[in-house]
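Let's take a friendly walk through some side chains together. Have the viewer open and follow along.

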Amino acid sequence: MNGLVQMAGAISDANALVSQLKNFFLVGVLGLMYVVSIAYVWGQTKSVLKAGVAAIGGAVVLAIVVNMTSVRDKIGEDLKSPGSNAAPAAVRVVDHIAPLDGGRR
């Protein structure tokens, strides 16, 4: 029984470590990549417009990555129950037609 409790503790510790690593990558690495990409565009072009576009594009990508779980869940709900606003599917069944000369296609 003691081994089972220790295994449960090890699994809990591993889950906590994975959660901390995920937060580190989301906040630290992606944030750093965001800032570096804007600085790189500014350094290459010296254009406020291009740096602004890089900032907006990076912010959109960062928002998608941070909200990935909610987007995944929302898409899953839409696929399971499309609701009343979904268009009906049209399926056309075509019978197999043999070639005219009787040979294989």
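Is Phe25 buried, partly exposed or exposed? Keep in mind that this is a predicted model. Phe25 has a relative accessible area of 45%, so it is partly exposed, because that class covers values between 20% and 50%. Phe24 falls in this class too, being partly exposed with a relative accessible area of 48%.

Now turn to the rings themselves. A pair of aromatic rings is described by the distance of the centres and the angle of the planes. The count here is one aromatic pair. For Phe24 and Phe25, the ring centres are 5.4 Å apart and the planes stand at 65°, so the pair is edge-to-face. The label follows because planes over 60 degrees apart count as edge-to-face.

Next, find Ser47, which sits in the loop between helix 1 (2-45) and helix 2 (48-66). A polar atom of the Ser47 side chain lies 3.4 Å from the backbone nitrogen of Leu49. The backbone nitrogen of Lys50 also has a side-chain polar atom of Ser47 at 3.3 Å.

Finally, let's look at charge. Side chains of opposite charge can pair when their charged atoms come close. How many salt bridges does the count come to? The count is one. The side chains of Arg72 and Asp73 form a salt bridge, with 3.4 Å from N to O. That pair qualifies because the cut-off is within 4 Å.

Key: Residues are numbered from 1 along each chain as its sequence is written. This is a predicted model: local features need pLDDT of at least 70, side-chain atom pairs count only at pLDDT 80 or more; totals for chains, interfaces and linings use all residues. Side-chain values use heavy atoms; hydrogens and water are left out. Rings of Phe, Tyr and Trp (its six-membered ring) pair if their centres lie within 6.5 Å; planes under 30 degrees apart count as stacked, over 60 as edge-to-face and the rest as tilted. Buried means under 20% relative accessible area, exposed over 50%, partly exposed in between (1.4 Å probe, protein chains only). Helices (H or I, at least four residues) and strands (E, at least two) are DSSP runs, numbered from the N terminus. A polar contact is a pair of N or O atoms within 3.5 Å; within protein, one must be able to donate a hydrogen and the other to accept it, and residues adjacent in sequence count only if both atoms are side-chain atoms.
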